[in-house]
Amino acid sequence: MRVSLSQEGEDIIFQLETEEADLEHLSSSKIGLSGTTAKINLGGIKIDDIHPDLIGLSTILMCHQFVGNELHLPVLVSEEFLERANSILSKYKICSESNPEIAANSPIGTRPGLAFSGGADSTAALSVMPGNTVPVFMNRPIREGSMYDSDAPIKKIGYDVRVIDCDLEYLREPVGFPSDLAHAIPLILLSESMGIGSIAFGTILESAYGIGHEHYIDYQNGSHMRFYGTLLSAAGLEISLPVGGVSEVGTAIIVGSSPLGELAQSCIRGKKGLPCMRCWKCFRKELLSLALSPGKDIDLLSMMRNSSEVQIKLSAYPISHENVVTYSIQRIDIGEYPFLRALRNRLDTKLELSLLDCWYSPSKILIPERYRMHVMEKISKFMKRMSKEQESVLENWNMDDYLLSEEAKKGHSQLTTYWQDL
Ligand SMILES: [Zn+2]
């Protein structure tokens, strides 16, 4: 893959050119490359004003899934960046040159930046981060036939927020981010000019530590953290996961009592303030809010009846975020909502899940030291720390036995035939 860079007005344009090995790689990959250019409007910042290591890092995050065995960066980077990035890249290598005259990027600024999506998780992250945090929202331009309606949800929230138009999600087929941290690319490119020294993400406990999936993941010592942490640090930036120890239940609690709460909307199908009430995120969120605020008027029955997406997600084995679904069902009076019985019978309701409204304190290592205390204090205003017993529930999380049990299989087959009776 060869990448070049050009400027058109305020837009910075990445141009991707595939080579034989990339096409070979893509032919056996689940995702495709549907475009060859990505435009990012950085509001007048010129290519020459951006440290080449930040451009190098952005190029890697953009092309990561598309590269066969060689990646040629659009600029000469520092020797240190090239060496450290190549030390962690295993499926392909960066084959372009470095320039010994370029000093590695080492930001003077110390402001925290946050890759902000407007959903509950990144709103919760913003709520516990320092007030000088710069949330950067990537605004995807609407294209015809798109199922999303982004409606630039944030303008005035009392933060130094940046809304950056960027179409890089269209590079990928199906449309989406081409790597886990690609939504931080605008923030990374802006970091130098805004004095930003660390890049935060709204990654939560479920995604980091695997709870709700089949097995616990030792995230802070795991390969994901090592890979992305090394890449960011090669470009002089610290990675930060302020809510890595907070579950989806915890972020709902934070967002529910934070002044930023109104802002949060995880549903990307509906319009601002009007979630679609048909998608899986809407269903999970409403189910949880019924558990957290019993008696709330929510029409879950029609969501289950009318949304094939909800039916498909609930028919998955395991269900995505099964821990949160179970936590919710345990706290809902099934007598009042008898249509949830089939779902309840599918879940391991004997699980002790009180840990989900507590904070997993070993995750503090995922927060830069500079503002770690601040985040810990803020989180402690919303929730308790997990006890040792609760930590061990997390650290021993393993759904295998339950998923293999007759009880779960029977519940699954009853639930998946239930849709016809609804
Ligand atoms: Zn929705």
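By class, seven nonpolar, three polar and one charged residues make up the lining of the second largest pocket, where Ala, Val, Leu, Ile, Met, Phe, Trp, Tyr, Cys and Pro count as nonpolar, Asp, Glu, Lys and Arg as charged, and the others, Gly among them, as polar. The structure is a predicted model, in which local features need pLDDT of at least 70 and side-chain atom pairs count only at pLDDT 80 or more, while totals for chains, interfaces and linings use all residues. Residues are numbered from 1 along each chain as its sequence is written, and side-chain values use heavy atoms, with hydrogens and water left out.

The second largest pocket holds about 170 Å³ of space. A pocket is here an open set of points on a 1 Å grid over the protein atoms alone, where a 1.4 Å probe fits, with protein on both sides within 12 Å along at least five of seven lines, and its lining residues have an atom within 4 Å of a point; grid points are joined across faces, edges and corners, and the volume is the space filled by probe spheres set on them. The lining includes Gln220, Met225, Gly229, Ser233, Leu237 and Pro368. At least two lining residues come from each of α7 (223-234) and β12 (238-240), and α7 gives the most, with three residues. Helices (H or I, at least four residues) and strands (E, at least two) are DSSP runs, numbered from the N terminus.

Helix α7 has twelve residues and reaches 16 Å from its first C-alpha to its last, close to the 16 Å expected at 1.5 Å a residue, the expected span being 1.5 Å times one less than the number of residues. Among its buried residues are Met225, Phe227, Tyr228 and Gly229, buried meaning under 20% relative accessible area (1.4 Å probe, protein chains only). The buried residues of α7 pack against α2 (52-63), α3 (79-88), β11 (196-200) and β12, with contact meaning heavy atoms within 4.5 Å. After α7 comes Gly236, whose phi is positive, near 85 degrees.

Ser361, in the loop between β13 (358-359) and α14 (369-382), is buried with a relative accessible area of 10%, and, leaving aside neighbours within four places in sequence, Ser361 is in contact with Arg385 and Glu391. His412 is found in helix α17 (residues 406-418) and touches Ser315, Ala316, Tyr317 and Arg346, not counting residues up to four places away in sequence.

Notes:
Buried means under 20% relative accessible area, exposed over 50%, partly exposed in between (1.4 Å probe, protein chains only).
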